[in-house]
Amino acid sequence: MSFQIHAPSAIGSRSGSGSAGSAGSEEVGEGALARITSAIYSLLTVDVLLLLAVLPGLVPLVLLARDAADAPLAVACLIPVGPAVSAALFALRRHRGDPADLRPAAEFARGYRLNAAGVLKLWLPYLAVLSVMAVDLAHVRSSGVPTWWAAIVVVFAVAATLWMANALVITSLFSFRTRDAARLAAYFLGATRSVALGNLCLLIVAVGVVDIASEAVLALFGVCFAAALLRTAQPMIARVTKEFTA
């Protein structure tokens, strides 16, 4: 499988590290407690920023009744989620466990600025397709559509979501053209099946949290899902770095 990718580069790679970073680590401390404290601080900071970034869509989403007629509006409320999760992935990727690395807010802002436009080019079409599928599923009983058709729609929705998860990671950490990021996301659905399986488990957990609790609870623990997504995608990230970047 070949791709025509023009001058790709890893946005998420650390630069400017060296003696200054080492000196900072010595000042802060290099013990296990310092590293754990730094990691917790970064996670909490990114979690707060992620929550604030999705708040414009989260508030109306929580207030919406779980009614079939509101399905397209509920999907529209998810528009801020794509760029916010992308910024969280970027910030979490930049944190390498250095106790002196206490700039998660700056990295989140940088990731949002760098990735928002590129992510939305894929996120908005995905939400449009998801909206159509949501309407179809919402009117299955009233329209007399066969159960097997509803099952097919669910499978397509899950596949589209797994593709979007790959695309989010790739777009957040690498500077590919939109069509190349989309093609890579589709390619790695089959090329790294462990990633797809891990993301499927995350999707099931996320749906369960929303069903049992609410969208607000899912957003509250959003950084945990972002960190898990980043961890699950490591095989894909390694292959993209090795095979498709200079």
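**Exercise 1. Describe the largest nonpolar core and state which elements supply it.**

Solution. The largest nonpolar core of this predicted model has 50 residues. Such a core is a set of buried Ala, Val, Leu, Ile, Met, Phe, Trp, Tyr and Cys residues joined through side-chain atoms within 4.5 Å. Buried means under 20% relative accessible area, exposed over 50%, and partly exposed in between (1.4 Å probe, protein chains only). The residues with the most contacts inside this core are Leu89, Phe108, Tyr126, Met164, Val169, Phe176 and Met236.

Next, assign the core to elements. Two or more residues each come from α2 (32-63), α4 (81-94), α5 (104-138), α7 (147-173), α8 (178-191), α11 (222-232) and α12 (234-244). The largest share, eleven residues, is that of α7. Helices are DSSP runs (H or I, at least four residues), numbered from the N terminus.

The model is predicted, so local features need pLDDT of at least 70 and side-chain atom pairs count only at pLDDT 80 or more, while totals for chains, interfaces and linings use all residues. Residues are numbered from 1 along each chain as its sequence is written, and side-chain values use heavy atoms, with hydrogens and water left out.

**Exercise 2. List the residues that Met236 touches.**

Solution. Contact means heavy atoms within 4.5 Å. Leaving aside residues up to four places away in sequence, Met236 touches Asn166, Val169, Ile170, Phe188, Thr192 and Val195.

**Exercise 3. Examine the length, bend and packing of α2.**

Solution. Start with the length: α2 has 32 residues and reaches 43 Å from its first C-alpha to its last, close to the expected 46 Å. The expected span is 1.5 Å times one less than the number of residues.

Then locate the bend. A kink of about 65° lies at Leu55, shortly before Pro56; the angle is taken between axes fitted to the seven residues ending there and the seven starting there.

Finally, consider packing. The buried residues of α2, among them Ser38, Asp47, Leu50 and Gly57, pack against α3 (71-76), α4, α5, α10 (215-220) and α11.

**Exercise 4. Is Gly57 buried or exposed, and which residues does Gly57 touch?**

Solution. Gly57 is buried because its relative accessibility is 4%. Beyond four places in sequence, Gly57 touches Cys77 and Pro80. Cys77 is also buried, at 9%.

**Exercise 5. Describe the setting of Arg94 in α4.**

Solution. Arg94 has a relative accessible area of 8% and is therefore buried. The Arg94 side chain makes a polar contact with the side chain of Glu107 at 3.2 Å. A polar contact is a pair of N or O atoms within 3.5 Å; within protein, one must be able to donate a hydrogen and the other to accept it, and residues adjacent in sequence count only if both atoms are side-chain atoms.
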